[in-house]
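Visitor: Could you take me through this structure and tell me, for each term you use, what it rests on?
Guide: Gladly; let us look at it together.

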Amino acid sequence: MIIAPSILNADSLNLRYQIQEAVNAGIVRFHIDIMDGHFVPNLSFGPQLVSDFKRDFQNIKLEVHLMSNNPKDLVPMFVKSGADIIELHYESMSENKLKYWINYLKEKNVKVGLVLNPDTDINVVKKFSTQIDQVLVMSVYPGFGGQKFISESVVKIQKLKEILDDNIPIEVDGGINEETAKMVINVGATILVAGSFIFGSDNIRQQVNKLEEF
Ligand SMILES: O=C(CO)[C@H](O)[C@H](O)COP(=O)(O)O
Ligand SMILES: [Co+2]
């Protein structure tokens, strides 16, 4: 099981210290939410954050959750910034464009995740399953941290597990806490994104430990 903390709701002015605390608690991968103010009604980080992060935490893997319908400008930027994994929303572009960008990332040796919004049919993954490295199931509507976990996500993950090859891990993003983590792990999720549960507390190590118990 991998825990990928989302720094979306971390304290921007104390980011380095909060990241370091999570690393000290054993975290080896972070989730960077990129919001473009268009595909989702919020703004977050840019490629500079990713390159600074990679410069100062060289052993840490970064997954970029790209919430944008402007892949043409943003995908190359985040490849250049050093992202290890780029996660593209099924809903953000046509299937042909998605195939194009998945191939582009493969050629650049960047791993690819396919992201599904809460209302998206899980069967769409079948069209991409030979090309992707992981699937990210959104358990909230994308755009903001700190939302409530959508409980229907559990059945969705269970069904996705049945149609996906075992070598494609399922990641879950949104509203993850001790209870919801247990629910999604029980049905086959192996990567958990957790934002406010980890950074909304004064004790980051303790929050990481709580999720790592499973
Ligand atoms: O993609 C996201 C929102 O669009 C975030 O990754 C997600 O919301 C994590 O935050 P939290 O754990 O607080 O729900
Ligand atoms: Co995210």
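**Helix, sheet and ligand shell**

Guide: On helix 8, the face turned away from the buried side carries Gln 206 and Asn 209, which are exposed. This is a predicted model, in which local features need pLDDT of at least 70 and side-chain atom pairs count only at pLDDT 80 or more, while totals for chains, interfaces and linings use all residues. Residues are numbered from 1 along each chain as its sequence is written, and chains are lettered from A and ligands numbered from 1 in the order in which they are written.

Visitor: What makes the buried residues of helix 8 line one face?
Guide: A residue is buried if 20 or more other C-beta atoms lie within 10 Å of its own, exposed if 12 or fewer, and partly exposed in between, with C-beta atoms placed from the backbone. In helix 8 (residues 204–212) the buried ones are Ile 204, Gln 207, Val 208 and Leu 211. Down the helix axis these residues fall within an arc of 100°, so they line one face of helix 8; the arc is that of the directions from the helix axis to the C-beta atoms.

Visitor: Why is strand 3 called largely enclosed?
Guide: Because 6 of the 7 residues of strand 3 (residues 61–67) are buried, the strand is largely enclosed by the rest of the structure. Strands (E, at least two residues) and helices (H or I, at least four) are DSSP runs, numbered from the N terminus.

Visitor: How do you know that strand 2 and strand 3 pair?
Guide: Two strands pair if DSSP finds at least two bridges between them, and strand 2 (residues 29–35) and strand 3 have 7, in the parallel sense. Phe 30, for instance, has Leu 62 of strand 3 as its bridge partner. Strand 3 is also joined by 4 bridges to strand 4 (residues 85–89), again in parallel, with Leu 66 bridged to Leu 88 of strand 4.

Visitor: What is the order of the strands in the open sheet?
Guide: The 8 strands of the open sheet follow the order 1-8-7-6-5-4-3-2, with parallel pairing. Strand 1 (2–5) and strand 2 are the edge strands, each pairing on one side only.

Visitor: How do the residues of the shell around ligand 1 divide?
Guide: They divide into 8 nonpolar, 12 polar and 2 charged, where Ala, Val, Leu, Ile, Met, Phe, Trp, Tyr, Cys and Pro count as nonpolar, Asp, Glu, Lys and Arg as charged, and the others, Gly among them, as polar.
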